[in-house]
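Let's take a quick tour of this model, one topic at a time. Keep the 3D view open as you read.

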Amino acid sequence: MDHTRSFCIIAHIDHGKSTLADRLIQHCGAVEDREFRDQILDSMDLERERGITIKSNTISLDYTAKNGENYRLNLIDTPGHVDFSHEVRRSLMSCEGALLLVDASQGVEAQTMANMYLAIEHDLEMVPVINKIDLPAADIERVKEEIEEDLGLDSDDAVLCSAKTGQGVEDVLEAIVNQLPPPEGDPEGPLQVLIFDAQYDSYRGAVLLVRVMNGTMTKGQQVLFMHTKAEHTVEEIGLLKLSREATGSLSAGDVGYVIAGIKSVSDINIGDTITDLAEPADEPVPGYRESKPVVFSSVYPMATDEYGELTKALEKLKLNDAALIYEKDSSQALGFGYRCGFLGLLHLEIVQQRLEREYDLSLLLSAPSVRYRITLNNGERFWIDNPALYPDPTTIDTVEEPFIKAAIMMPDRYIGSVMELCRDRRGEETTFNYLSAGRVELTSEMPLAEVLFDFYDKLKSTTQGYGSFDYEMLDYRVTDVVKVEILVNTEPVDPLSQLVHREKARARALHYCDRLKDTIPKQQFKIAIQGAIGGTVIARSTINAFRKDVTAKCYGGDISRKRKLLEKQKKGKKRMKMVGNVEIPQSAFIAVLKSDTD
Amino acid sequence: MMATMSGIDIPEGASTRAGLYVHVPFCSSICPYCDFAVTLAGEARRAQWERALLDEAVMYADCGFDFDTVYFGGGTPSALKIDRLTRVVGGLREKLQIDPEAQVFIEVNPEDVSPETARAWRDLGFSSVSVGVQALNDVSLGILGRRHTAEQARRSVESLLEAGFDTVSIDLIFGLPGQARSDWEGQLREGVGLGVQHLSCYQLTFHEGTVFGKRREAGLMTEMGEAPQAELFAITHEVLGTRGFEGYEVSNFALPGHRSTHNLKYWTGAPYLGLGPGAHSFDGVCKRWWNRSKVRLWQRDIDQGRRPVEGEESLTDKQRALETLMLGMRTADGVDLAWLEKRFQTDVIGPNADTLRDLEARGLISRRADRIAPTPAGMAVADALSRAFRIEGD
């Protein structure tokens, strides 16, 4: 156990975490150079494309240190985005230390700090690593200052490296061995195994990623899952090298995988503790907090006959994404679908893209909503996250909405416009303080609902990309919302209904009307688009009918070309939804969620 | 109109017998809007074409088709010297089953027409002639890159009428950038005034790869907007309609008895055989095939004893039903839906009950019993109409 180190890398997005991970793997010879693909841990196309890590992956590396000893380094790759702090948490629980990666040209960012606080919460030892020192814009002294001042870490311990060129990578490995503590735990003690992630394997079912805290788990062992009370037999157990490597057993301090004949992740609770069935531990591993979805949206297949496939896809996706929750839902306009809960907008977007790409589904998502707490005049209290279930306003006493504490870091020249943006988003108690010369952290208490609609986009354009954003849930506060409905030729399009603050209702309705006008194709008749509150129209737009739509020539006998075009267009119509007699393309449902500035 | 034993819903003027199309790929210049298979090649290549075409005809000698229409299209068939044309017509009659009474059509360019050529074509057995007038003023002709003048066009029509063709037709193009309503209306009136029995009026289309297509891409030319296009389209049907010309297809107008019996075959699902580069064929049941469009490749196949077919497809009943609807929405006669259901074993009326009611209420189609037909307003949006229908399995 003395020769094991389990660690993760904490970084702001784009600070080079995946590249560093690649370099460490390469240095330890876990993979031949010629088979090396960049960002090897980010196995999903989506991650590679976006350059960010969504799913945490783990790998065990064998490293011979300068002292001549062999070490096993368990690298736990954590997601780097605010929506995924729950995944970060789980990963952190299985580490003793963390590399705190800071971009030498960018310095400490909002996320770096947020994740560091999480790491501190989990008592992790931290080694600051200053990356990208090869960049011309690298300012190592300033970054060291930020590490001292903002993070409160000793910058003398900071390791300098360039994951891109490989410079300093060995120093990083040495720091892992020398500065991070080995795991504690008793291999002979009662079995406590923490599940910190799960992957889905189409042949083997759920593959659990685990950290053994105490005891030893072996193949064939009868085990108990302490939270779910499920009993299973360990079918396969081993280390996570580049691929799974069965070893027959794992002991305290080890990080690896377990296959136990579990088909669905709904049978597993990520963060659960596995123990021996016959001689169970007294308690599960402490400190687990279940992550709660805060953003809700209904997902519908474009083609109604894909509902079954959507069901299967969600089941499978859930195997890889414990944070996703869903239940059956139906829409007047779109038929059957699922109401889903997400950790945030990025999570929502990623789930949507994975469903579309990995499962080849074509989907429609309703306008995302937060969860409101409603108190009726008769004292009855309940939660709703679906505008369709919004009660008659005359029966409502109060509505409360979730507030967040937003933390925005940026160069100080943007402070004025960002404060303006926060005010526009109903931000309260907006304050700021200087982190270091020229860098400001602004905090504001604002309704989560205001962040759902184009806040990231606006922030990015306001700060020309320099602003970073993080948030935590705060509390529920009384608010004044109305239900805005969108009607197309007088038919309500219920997935576009939303609960909006009264002051914002008209502007939002107008935005929707304009966006739909631009995205719904002309049809043979005039289309009226309206935004309404309880039957009162507050915004409208019109799409004129086609006046001419005919190919001039259709002879020389080339009927095939024209028919094929028609077939293609008709196929395209499958990506449309009929609401009343109007065809609404999928793109319209997406466009309304984007801000005007795109 | 009635369904016949061969299963074709025959509108007025159409027949169930086959049409023969001959593609003459030669032009003396290439029009900047044209995307047909054409070439500028000279006499040597034309001689090769002649030989290959007749060889191709031999390959279809046993196709079983009995042709009652023959159509020489292009390209510019009138660019062929009369003796070559004579040999081709004679050769085809020799190798294929062509009805002695068949209607024979030819497309000609005004600059090729003289009283002498007109008579020669008539004597050769051509019964109908279609003149590529395109415009009746020199400014428009200049924009279209045509090599004749308006005056030449008018004289060519005169000569053809004098030569005694059963039907003389002119092609006109509308929707030139910036074209005024009055300009187009004037051309239509003048066209009718020439005494022709048939007009084909095409909206100028910007095809990718053509000179116009490239100019549009480069921002040098803009397509006319939808509203003025619609207006010109409506005017066309109105002006010609009041002068006794029935708009029997989106772009085609005829005095009674002068519909293009050959083109109707394409639109009504009758069989046709296409010879020459890029020509299309249909067996009248479910098979469509088309020739290589590059003259050289077309010829090489024939020289090597192969049919010069580039592609073919076999249509399902549903595809045929879709095609029939698509084409029907372009013709004044429309489609008999009950016949369509029976012929292609496909539900159409039931699944489209709402759509049919809706389109009728909007004045886009008219309906008598189970036959539906587009109104002129419906014809203007014929593509949208054919998209509106659901065919079982869609």
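**A helix and its cover**

The buried residues of helix H1 of chain B are covered by elements of chain B that include strand E3 (18-24), helix H2 (82-95), E11 and helix H10 (295-303). Here, "buried" is for a residue with 20 or more other C-beta atoms within 10 Å of its own, "exposed" for one with 12 or fewer, and "partly exposed" for one in between, with C-beta atoms placed from the backbone. Helices (H or I, at least four residues) and strands (E, at least two) are DSSP runs, numbered from the N terminus.

This is a predicted model, so local features need pLDDT of at least 70 and side-chain atom pairs count only at pLDDT 80 or more, while totals for chains, interfaces and linings use all residues. Residues are numbered from 1 along each chain as its sequence is written, and chains are lettered from A and ligands numbered from 1 in the order in which they are written.

**More on H1 of chain B**

- H1(B) covers residues 43-59, 17 residues in total, and reaches 24 Å from its first C-alpha to its last. That is close to the 24 Å expected at 1.5 Å a residue (the expected span is 1.5 Å times one less than the number of residues).
- Its buried residues are Trp49(B), Ala52(B), Leu53(B), Glu56(B) and Ala57(B).
- Looking down the axis of H1(B), you'd find these buried residues within an arc of 145 degrees, so they line one face of the helix (the arc is that of the directions from the helix axis to the C-beta atoms).
- On the face turned away from the buried side sit the exposed residues Glu43(B), Ala44(B) and Ala47(B).

**Chain B overall**

- Chain B has 15 helices and 17 strands.
- Of its 394 residues, 48% are buried.
- Take the contacts in chain B between residues at least 6 apart in sequence: 70% of them join residues at least 24 apart. Two residues are in contact if their C-beta atoms, placed from the backbone, lie within 7 Å.

**An enclosed helix**

- Helix H9 (residues 261-268) of chain B has 8 of its 8 residues buried, so it is largely enclosed by the rest of the structure.
- Among those buried residues are His262(B), Lys265(B) and Trp267(B).
- Just after H9(B) comes Gly269(B), with a positive phi of about 80 degrees.

**Strand E17 of chain B and its partners**

- E17(B) (residues 371-374) has Ile372(B) and Pro374(B) on its covered face, with Arg371(B) and Ala373(B) on the uncovered one.
- Strand E15 (residues 335-336) of chain B pairs with E17(B) in the antiparallel sense over 2 bridges; strands count as paired if DSSP finds at least two bridges between them. Val335(B) has Ile372(B) as its bridge partner.
- Strand E16 (residues 365-368) of chain B also pairs with E17(B), antiparallel and over 4 bridges.
- E16(B) and E17(B) make a hairpin with 2 residues between them, and Ala369(B) in the turn has a positive phi of about 50 degrees.

**Where the chains meet**

- On the chain B side, 37 residues are in contact with 24 residues of chain A.
- That side of chain B has 17 nonpolar, 10 polar and 10 charged residues. For this count, Ala, Val, Leu, Ile, Met, Phe, Trp, Tyr, Cys and Pro are nonpolar, Asp, Glu, Lys and Arg are charged, and the others, Gly among them, are polar.

**A sheet in chain A**

- In chain A, 4 strands form an open antiparallel sheet in the order E18-E19-E17-E20.
- Its edge strands are E18 (325-331) and E20 (363-365) of chain A, each pairing on one side only.
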